[in-house]
Amino acid sequence: MEETLKSLNIDSGTLIDNISAGKGLKIFKILNLKGETVFLFINAPGERFRVKDLIAVKNCFLGEKETLKVALISPGATVRRIENFELKPERHLEIPKHLTDLFKCPNSKCITNKEREPVKPSFTVTQREPLKLKCDYCDRYLSREEVEELIVSGK
Ligand SMILES: [Zn+2]
């Protein structure tokens, strides 16, 4: 991996590894990159004959919200910092019990969708595997697929 980073001159940035196969493009999309060098591997060889996706981005560091979004789209993904072409230790992504202000509630009648209400959308994780969330205001349940769609569509 370090050789690849050198050949692409990615001396500093972020590597997102162990992305579930097929989710790489979605994660690439939510990172909103402009002009940075990126490499995206699709169906790269992973452990135990499985394939995975993987992204490295020059000069890009994930904030708390972006990191959470990556974890929601691909729960097994790991994030590593690149410094001087070297990879720093892996960070496993944890989804907290409450998620606030990451995406909108799909219920148009929910108070968080009323323009005049300064209420930030907020959800509680009611189940981890498979992921299930519940809106803290209207009690609408969301599946992992719905969450992924809301994040990728930028809602
Ligand atoms: Zn709601």
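Mentor: Start with pairing: two strands pair if DSSP finds at least two bridges between them. Helices (H or I, at least four residues) and strands (E, at least two) are DSSP runs, numbered from the N terminus. This is a predicted model, in which local features need pLDDT of at least 70 and side-chain atom pairs count only at pLDDT 80 or more, while totals for chains, interfaces and linings use all residues. Residues are numbered from 1 along each chain as its sequence is written.

Trainee: How many helices and strands does the protein have?

Mentor: There are 4 helices and 10 strands. Read from the N terminus, their order is α-β-α-β-β-α-β-β-β-β-β-β-β-α. The C-alpha atoms fill a box of roughly 50 × 35 × 25 Å along the principal axes.

Trainee: Which strands do bridges join to β1?

Mentor: Strands of a sheet pair through backbone hydrogen bonds, either parallel or antiparallel. Here β1 is joined by 6 bridges to strand β4 (residues 78-83), and the two run antiparallel. Find L15: its bridge partner in β4 is R80. Another 6 bridges link β1 to strand β3 (residues 51-58), again antiparallel. Find S20 next: K52 is its bridge partner in β3.

Trainee: Is strand β1 mostly covered or mostly open?

Mentor: Count neighbours to decide. A residue is buried if 20 or more other C-beta atoms, placed from the backbone, lie within 10 Å of its own, exposed if 12 or fewer, and partly exposed in between. Strand β1 (residues 12-20) is mostly covered, with 7 of its 9 residues buried. Across the protein, 25% of the 155 residues count as buried.

Trainee: Which residues have the most contacts inside the largest nonpolar core?

Mentor: A nonpolar core is a set of buried Ala, Val, Leu, Ile, Met, Phe, Trp, Tyr and Cys residues joined through C-beta atoms within 7 Å. The largest one has 27 residues, and I16, I55, A56 and V70 have the most contacts inside it. Two or more residues each come from β1, β3, α3 (64-73), β4, β9 (131-135) and α4 (144-152). β3 gives the largest share, 4 residues. Domain 1 (2-92) and domain 2 (98-152) both contribute, so this core lies between them. Those domain bounds come from an automatic or database domain assignment.

Trainee: What does A56 touch?

Mentor: Two residues are in contact if their C-beta atoms, placed from the backbone, lie within 7 Å. Leaving out residues up to four places away in sequence, A56 touches L5, I10, G13, L15, F39 and I82.

Trainee: How many residues does each domain put into the contact?

Mentor: The centres of domain 1 and domain 2, taken over C-alpha atoms, are 26 Å apart. The contact takes 8 residues from domain 1 and 6 residues from domain 2. On the domain 1 side, α2 (24-30) and α3 each supply at least two residues. α3 gives the most to that side, with 5 residues.

Trainee: What is the strand order of the open sheet of 4 strands?

Mentor: The order is β7-β8-β9-β10, with antiparallel pairing. β7 (98-100) and β10 (141-143) stand at the edges with a single partner strand each, so one side of each has no neighbour in the sheet. Inside the sheet, 5 bridges join strand β8 (residues 122-128) to β9. There, T124 stands opposite K134 in β9.

Trainee: Where does α4 lie?

Mentor: For angles, axes are lines fitted to C-alpha atoms, for helices over the stretch in contact, and angles run from 0 to 180 degrees between N-to-C directions. α4 lies across β9 and β10, at about 85° to β10.
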